[in-house]
Structures are given as structure tokens and as C-alpha cells.
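Please open the model in your viewer and keep the selection tool at hand.

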Amino acid sequence: MLLFPLERFSSSGKSSCTWNKSYGSYSKQIDRDRITCSPPLPIQCEIVRILDNFTELTAELQEKLTSELTARKKQHEYYRDQLLTFCVREGTDGAVSRTLGEIAKFVYGYTDKAQENGSARFIRITDISEDGTLNPQNAKYVELTEESEKYLLKKGDLLLARTGSTYGKTLYFTSDEPSVYASFLIKIILDNSIIRNRYYWHFSKSSLYWTQAEKLVSKGGQQQFNANAASRITIPVPSLEVQDRIVALLDNFETICSGLNIGLPDEIEARQKQYEYYRNKLLSFKETNI
């Protein structure tokens, strides 16, 4: 039901439309009696039709944009899995399968209490987003000491979440902010003469990786995915040149999906503001004298 401007009579006998905030509607006051007024029914029906149509169009747009984003993500996942397995399947470019334990070392993180302030960000398992990037929200910190400096990160480092519901997620670190990683994380130090960090990061988001991780994680109590389990992950490893080409392609897909993910809520918000603007225009009436 729509509520429209109502009139307030003045002592001169004239009236004007005013908004009564306490009642959330327009009202007309004559000797303290409130009387509801509205435009003719045909106008009400037309306003309702316009606003209902706008609501339907906004909902339809949101559904289409969400479907487009989902389709792009599925396309990305499909091509990623195909790219990561093609060379090994075909036996070209010197591609081989290696276990992570054969080509990496593992270093557990620093134990300290997270603070609201400090000289370095304290990266925790909750700071790894679903897409394997660093979550900028709810940052915590620690002070840099001779001990904590041993756990400072540099760009391109890989961190593995080893426990809880976030187990198995891998962060590719890109921040310029001084950062120390916490004890529930494991730093993966790869032999870069064999495998690129960025290539492994893309692999860690593939179904090839997660199928293995789900079998290797300990199921008793809180889930644990320690260095021993991670070392048994098998990775398709082509030549460095092929890895670089695969990374370039997958980075491009990441950029496209990220752009859609950012643009989607912005577009929906813009449509909602547009709807509210026209709604307010349709439900607003100039002050008139009777």
C-alpha cells in the first residue's frame, strides 16, 4: 500500500502537504483529527505499476549478473584444470608429476598474541580469502623483535592454512606491508629451479589439489593439514617456460573474474539508488494551497 502527501491546514484556512516523520506517512490535521488523503486511484495504479516494473527489472538484472559471474568462474576452473594437466597427460615439455615434499620445504609460523597495533601485520588463517588472496579487513598486528623478524614475509611467498575449516587454503602474498605469519600457517618454500610460486598457487585452487587435500586431511576432532600431509600432494610440473605461459593465462582469467565480482555489487547498488530516486519523485508532491 502506498502512502501519499496529506494536507496540514493553517490558521488561515489554507492547507499544504507535509511529512509526519513520527508516523512515517503524510498526514492532514484538522482540529487534531488525522485524515488520510491520496491521489486518484488511476494515478495510484500507475505509480504502483511503474515501481513494480522497476523492481522486477532490478531483480532480473541482479540474477543475470550473478549468473554471468558464476559462468565465468566455472569457465575459469575448467580451463585451469585442463591447463594444469595437459602437459602431463601428453608427456610433453618434460612435464612430470612431483610430490610437494620432493620440491619444497615447510616452515611453521610464529606464536604470539595478536594486537590491535604493532610494527608488523600478523597474518592468521582467517586472513586468507576464498580466492587465496589477503583479506584487508580486521587486520591484527605484532611487534617486530629479533625472533619475529625470522617470520617476515616477502612478495611472492606462499602460506598454507593447516587447521580448522580453512585448512588447505594457500595465500600468495603480495603486500608491501611488513608482515609476520602466525603458527597456524605453514610457509611453503619451493625449489624455484623446478616450479614457480605463482604456478603452484594456481594449482592449489584447482580440483586436482582439493581432491587430494580432502583425502589427506585428518578427520579426528579439528581438521589438521600439516606439513606431512601437504608433502604428499602430487603436482603436475611442466617446464618453467610452460608454467609461465599457464600463469599468464590464468592471471588473465583471475582479472576478468575479479572485475566482474567488483562490478556486480556496484551495478546492483546503482540500480537500487536509481529505483529509490524515482520512487521518491513519484511519491513527492509540491506544496499546494487550497
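Buried here means under 20% relative accessible area, exposed means over 50%, and partly exposed lies in between, computed with a 1.4 Å probe on protein chains only. The model is predicted, so local features need pLDDT of at least 70 and side-chain atom pairs count only at pLDDT 80 or more, while totals for chains, interfaces and linings use all residues. Residues are numbered from 1 along each chain as its sequence is written, and side-chain values use heavy atoms, with hydrogens and water left out.

Next, select lysine 155 together with aspartate 176, whose side chains meet in a salt bridge at 2.9 Å, N to O. Both lysine 155 and aspartate 176 are exposed.

Now move to glutamate 46 and arginine 49, where a salt bridge of 2.7 Å, N to O, joins the side chains. Glutamate 46 is partly exposed, at 37% relative accessibility, and arginine 49 is also partly exposed, with a relative accessible area of 48%.

Finally, select Arg121, Arg124 and Asp127, which are linked in a network of salt bridges. If you wish to continue, a search of the whole structure finds 12 salt bridges.

Methods
A salt bridge is a side-chain nitrogen of Lys or Arg within 4 Å of a carboxyl oxygen of Asp or Glu.
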